[in-house]
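Below are my notes on the side-chain packing and pairing in this model. Please read them next to the coordinates.

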Amino acid sequence: MPALAGCGGRTQSSLAPESHAAKDIASLFWWMMGGAWIGLGLVVALLLWSWQRRKRRGFGRDSGGVKPGERVGWLVVVGAGIVVPIVLLATLFVISDVFVIKTTEAPAANATRLTVRVVGHEWWWEVRYPRKGVVTANELHIPARTPVRLEVTTADVIHSFWVPQLNRTIDAIPGKTNAIELYAEAPGRYRGQCDEFCGLQHAHMAFSVDAEPPAVFRRWLAAQARPAAAPASAAAQRGERAFLDGACSTCHTIRGTSAHGYVGPDLTHLASRTTLAALAIPNTRRTLADWITDSQAVKPGNQMPDFRLTGKRLQALLAYLEGLR
Ligand code: CUA
């Protein structure tokens, strides 16, 4: 799908880990997979062996009375059926819930330089950098090789934040804030996905994490902290008026203007984002026009009404929004 060509970048797989936590999770998976295959191999071998043995002896001849060989059978049943599973499961429990979970945990709030707050909405992600007053949507930026404290909650139903290459999932639960570490070893764009069924557009509730060299990240954050750019042309000025006087401003915020809505994403630096609608479509003039005029055709069920704007009014609005770098 060409629409996603600009959004993916790297593979969205927990078996291609790019952080220490994701590596621990991946190796736990491979060890469990290896163990499971060995177990399956043993069971199948035993099954074949007993089948062969029974066939050699002939059916029905060994019925009646406990024979000495059957004591060994009982030992196998108790050993392989009860003792070995208990030992194996207890070991796995300790390794996963004590050691691996530890490596995925968030750095303490006072021990980290950067905290990012993510709020799940039906069906997009609000992203906040509290210390800088930055609010954006769906495209997180973090410095590479820096442990970031990620705090996750929700404005409506339960969602789950998951970047398979970077860490385990973390649930977004109403009235509760969960924290996890976000860490990327190498700069790049990592794709994430909502991992808890949350309604019609759950599958289109994606996001990305851009891990950047720290200097690049600092420049990005400083630019995002600035209020919106003033309209640069007459058309953009008309667009700003249309935005502020119309329905747009009741749902969206543009910092530095009178638009303070909080139903939809903050649009202060909309043009600096590469995608729209939680990575559903790339952010171009044409797709933005499609979205404004008939967002229900792009992403059915989303909360944005269809405005059926056309002609000059639409072009003015596009000119204004495209200037929000
Ligand atoms: Cu949000 Cu699934």
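1. The side chains of Arg 117 and Glu 151 form a salt bridge, at 3.1 Å from N to O. The term is used here for a side-chain nitrogen of Lys or Arg within 4 Å of a carboxyl oxygen of Asp or Glu. Arg 117 belongs to strand β1 (residues 115–121) and Glu 151 to strand β5 (residues 148–154), and the two residues are 34 apart in the chain. Helices (H or I, at least four residues) and strands (E, at least two) are DSSP runs, numbered from the N terminus.

2. A word on the basis of these notes. The model is predicted, so local features need pLDDT of at least 70 and side-chain atom pairs count only at pLDDT 80 or more, while totals for chains, interfaces and linings use all residues. Residues are numbered from 1 along each chain as its sequence is written, and side-chain values use heavy atoms, with hydrogens and water left out.

3. Buried means under 20% relative accessible area, exposed over 50%, and partly exposed in between (1.4 Å probe, protein chains only). Salt bridges also join Arg 117, Arg 149 and Glu 151 into a network. The structure holds nine salt bridges.

4. Asp 210 is in strand β10 and Arg 189 in strand β9, so the bridge connects parts that are 21 residues apart in sequence. Asp 210 counts as buried at 11% relative accessibility, and Arg 189 counts as buried at 14%.

5. Which residues touch the most other members of the largest nonpolar core? The core has 32 residues, and the answer is Val 116, Tyr 129, Leu 140, Leu 150, Phe 161, Leu 182 and Val 209. A nonpolar core is a set of buried Ala, Val, Leu, Ile, Met, Phe, Trp, Tyr and Cys residues joined through side-chain atoms within 4.5 Å. Leaving out residues up to four places away in sequence, Val 116 touches Val 127, Arg 128, Tyr 129, Leu 140, Val 148, Arg 149, Leu 150 and Glu 151; contact means heavy atoms within 4.5 Å. Another core, of 25 residues, lies apart from the largest one and includes Cys 248, Ala 280, Trp 291 and Leu 309.

6. The structure holds eight aromatic pairs. Rings of Phe, Tyr and Trp (its six-membered ring) pair if their centres lie within 6.5 Å; planes under 30 degrees apart count as stacked, over 60 as edge-to-face and the rest as tilted. Trp 125 and Phe 207 have ring centres 5.2 Å apart and planes at 65°, so they are edge-to-face. Trp 125 lies in strand β2 (residues 124–129) and Phe 207 in strand β10 (residues 206–212), 82 residues apart. Trp 125 is buried at 0% relative accessible area, and Phe 207 is buried at 0%. Ring pairs link Trp 125, Phe 161 and Phe 207 into a cluster.

7. A further pair joins Tyr 129 and Phe 217, with centres 6.3 Å apart and planes at 45°, so this one is tilted. Tyr 129 lies in strand β2 and Phe 217 in helix α4 (residues 214–225), so the pair ties together parts 88 residues apart in sequence. Tyr 129 is buried, at 1% relative accessible area, and Phe 217 counts as buried at 6%.

8. The structure holds zero disulfides, a disulfide being a pair of cysteine sulfur atoms within 2.5 Å. Cys 251 is partly exposed, at 26% relative accessible area.
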